[in-house]
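Trainee: Please take me through the terms used for this model, and show me in each case how the value leads to the word.

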Amino acid sequence: MKPPLPPSTSSALRKTRPSPYFYTFLTFTVFVLILYCEDLLSVFDRNELVPIKPIPETGKEKETKSTSQLPFVIGEPEETGKKKEAKSTSKLPFVIGETEEGCDIFSGRWVRDELTRPLYEESECPYIQPQLTCQEHGRPDKEYQKWRWQPYGCDLPRFNATLMLESLRGKRMMFVGDSLNRGQYVSMVCLLHRILPPNAKSLESSIDQSLTVFRAKDYNATIEFNWAPFLLESNSDNAIVHRVDDRMVKKGSINKHGKNWKGVDVLVFNTYLWWMTGRKMKFLKGRGSFKDEKKDIEELTTEDAYRVAMKSMLKWVRKNMDRNKTRVFFTSMSPLHIKSQEWGGKPGGNCYNETTLIEAPNYWGSENKNIMQVIAEEFGKSKYPITFLNITQLSSYRKDAHTSIYKKQWSPLTPEQLANPISYADCVHWCLPGLQDTWNELLFTKLFYPS
């Protein structure tokens, strides 16, 4: 018997040929690859195309500590959900360095310095208001101009006008508050204007002088002042005619002045003196007007009234300021020297004829410490970092630096006043150049070199 013949090649091929379904699947797969090739590649290459933000450490790993927390910056980052946000390790806006570790720039002493003081001459700054030009109005000495603040254990960086203006290029800095904050504003303008050519700067004010704007034209920068003695709307909001016997503030009215603060990059707030009436503060409730004969009034103690203002300011800041681009400062209360007995002087005296400093390191005048406590409590709750310029203690030593009688008098003095200069000496405001230039040196330090 012949052995069976092997199957033919064509027969073998026919038996191993793939199913028509295989070709259909293969064709479909190739079509999908061609059609969606770019999208698939983008999926697999996503990490190269989209930057990935660092993921906050969680679990048992130690939470990253903020490097931007300052001794006088009070407030924690907002919390989202049940987990606290990882604290930012990025620098605060405008920061270019830091103060020596452990240095409290608000704790120190005054040292006489005839080499670097004053930082400018009164006659060199045409922007100083006549209420502050003590030399022009007959002050016989210049000793008050020759003191420099020296922190314990470190030095303040030298004020650099060029650095300030370069950092404010295309930006706005605004001082908000009463006449004491206006003095600090004028000081800042005097410190900056000297490096600008005459045709590269200007100063403009609104008709009621509630808003003043200094322009550094080549830098497209503005240094501004907004008159808002209570920060909230009040019956003292006219910067020219604001002396009223019965001061009154309107609740929930922060936006009255707040509309001027929007878009500002560096805000410097101050409010204190106008709250010190010795009486309860009246708050106008509802939509009424200060001019209404019948008003819905609520009376609050000074501390409670001040707390309302702080809460309103902090709420406005949280809603309107970008912590990644802007900075907010709050200047503490400016001390008065209206009772010479407080520093061991003769009864009935004040700052008139005072040309020396108070040397007692723990001296504290009549400033309301409860107000400082309100500030600490409310700022401690803030979710936006506020830099606190604690100028009260260092300024309290300077009974020599007030304008006293050496200023423009807006009303003719009576024979009785002329016979007793103590009766009309201004022991609230400060001569320029002088103490408030130091406030701006401290502001400069906290803006660029926080610890």
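Mentor: Let us begin with burial: a residue is buried under 20% relative accessible area, exposed over 50%, and partly exposed in between, with a 1.4 Å probe and protein chains only. By that rule, 47% of the 451 residues of the chain count as buried. The model is predicted, with local features requiring pLDDT of at least 70 and side-chain atom pairs pLDDT 80 or more, while totals for chains, interfaces and linings use all residues. Residues are numbered from 1 along each chain, and side-chain values use heavy atoms, without hydrogens and water.

Trainee: Why is Phe94 called buried?

Mentor: Its relative accessible area is 13%, which is under the 20% limit, so Phe94 counts as buried. Phe94, in the loop between β3 (83-84) and β4, also has a positive phi of about 80° although it is not a glycine.

Trainee: What makes Gln209 partly exposed?

Mentor: Gln209 has a relative accessible area of 37%, and this value falls between 20% and 50%, so the intermediate term applies. Gln209 lies in the loop between β7 (201-205) and β8 (211-216), and its phi, near 60°, is positive in a residue other than glycine.

Trainee: Why are α7 and α8 called roughly parallel?

Mentor: The axes of α7 (residues 302-320) and α8 (residues 369-380) come within 10 Å and cross at roughly 30°. Angles under 35 degrees count as roughly parallel (over 145 roughly antiparallel, 65 to 115 roughly perpendicular, the rest oblique), and α7 and α8 are therefore roughly parallel to each other. The contact, meaning heavy atoms within 4.5 Å, involves residues including Tyr306, Met310 and Leu314 of α7 and Ile371, Val374 and Phe379 of α8.

Trainee: How many residues of each class does the contact of α7 with α8 have?

Mentor: By class, that contact has 8 nonpolar, 2 polar and 5 charged residues. Met310 and Val374, among them, belong to the nonpolar class, whereas Glu303 and Lys311 are charged.

Trainee: Where are Pro118 and Pro433 found?

Mentor: Pro118 is in the loop between β4 (108-112) and β5 (147-151), and a cis peptide bond, with omega about -5°, joins Arg117 to Pro118. Pro433 lies in the loop between β17 (426-430) and α11 (435-448), where a cis peptide bond with omega about -5° joins Leu432 and Pro433.

Notes:
Axes fitted to C-alpha atoms, helices over the stretch in contact; angles between N-to-C directions. Helix = DSSP H or I, 4+ residues; strand = E, 2+ residues; numbered from the N terminus.
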